[in-house]
Amino acid sequence: MTTVSSSAADAFIERLPKDVRFVLVHGPDEGLAHERSKGIVRKRLGEAIDPLRLVRLDGDALARDPGILSDEAYAIPLFGGARAIWIDAQGRDLVSALTPVMENPPKDCSIIVKAPLLKKGTPLRSLFENSNDAAAIECFGDESKTLTALIEKEARAAGLTMTADASAALQELLGEDRYTSRHEISKLMTYAINNAEVSVEDVEAIVSNVSLSGVDDLIDETIIGNMAIVVVDAAEYFAGGGDCEQLLARLTARLVLLYRLRVEIEQGRTFNSAWQILSARASPKSRRAINEATEHWTRHALGQQVADLREAAARIRSNPRLAGDLTIRALLTLASKAPTRGT
């Protein structure tokens, strides 16, 4: 039984025990959960992941047919070698699918499950925490110490050093999402590659304020239905190498938050009260967009949009060459259905 805190997770993954066959990666930071899940896959399969040795499954598919997991887990690989199954739980209860496989572990096959934050005692979390060959890893937003380590690691990899002021300035601009933070750090290192040291001026010249812009802007404009801005922001996001799957995962998480806020509001609470009860976190700009969205979306409509986004994510995984087009279509479809003040 292994429960790994968010602060200890990176070190645990770096020295991932061989006897840990099943790993649950869960938490509110979608980017960090995605990165850590991918890191575990690489630990098991190597840096150059062979697509023939990796199976991607989503929670909706397993909820409809739990037997799919057993079929994949016990399949005999054509060319031998270790395999991995990476599951995006999408908030689904996968205990019935996972239990028989965890009770009879397949040979040379690891199973990684990415999920939103699961409270202590949740069946899926308990399944992993109570198994001898499993681990449950938490993923919370980066704190100052973690961000410092991430920045130093990326700088060393680029052969650069940073002044203390530059590191402090960079941390002020980075948000809570690991994926977006890493993208901004990588962009900075590329910009300063011909310098011996990264300066504050370099940071100010190239790094966006992640907590106030970028992917959050795109999500904000999508949920309030600003179609024209969504088109522009989506083009900028993908031109900068944005990840389709990551974007849809964060957008889905935002819709789930909206749904939970609507539940509280419909029970008679104000937006601010509901926000505090749910311990929600967002930049001031995003919070204003969320507040506006809760005034116009209904619970039923939000539930339908979450289901539609999950289907879109499944189509993207099946058609990676069309990922960009399919993602933009999903964004525009959602934005077009966003209720507005005049409706």
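I am working from a predicted model, in which local features need pLDDT of at least 70, side-chain atom pairs count only at pLDDT 80 or more, and totals for chains, interfaces and linings use all residues. Residues are numbered from 1 along each chain as its sequence is written, and side-chain values use heavy atoms, with hydrogens and water left out.

Entry one, the helices. I looked up H16 (residues 299–318) and H17 (residues 323–337), whose axes come within 9 Å and cross at roughly 170°. That makes H16 roughly antiparallel to H17, a term for angles over 145 degrees. In the contact (heavy atoms within 4.5 Å), residues of H16 including Gln305, Leu309 and Arg315 meet residues of H17, among them Ala323, Thr327 and Lys337.

Entry two, the loop residue. I found Asp108 in the loop between helix H5 (95–103) and strand E5 (109–115). Phi of Asp108 is near 55°, which is a positive value in a residue other than glycine. Asp108 is partly exposed, with a relative accessible area of 45%; buried means under 20% relative accessible area, exposed over 50%, and partly exposed in between, with a 1.4 Å probe and protein chains only.

Asp58 stands opposite Asp88 in E4.

Technical notes:
Axes are lines fitted to C-alpha atoms, for helices over the stretch in contact, and angles run from 0 to 180 degrees between N-to-C directions. Helices (H or I, at least four residues) and strands (E, at least two) are DSSP runs, numbered from the N terminus. Angles under 35 degrees count as roughly parallel, over 145 as roughly antiparallel, 65 to 115 as roughly perpendicular and the rest as oblique. Two strands pair if DSSP finds at least two bridges between them.
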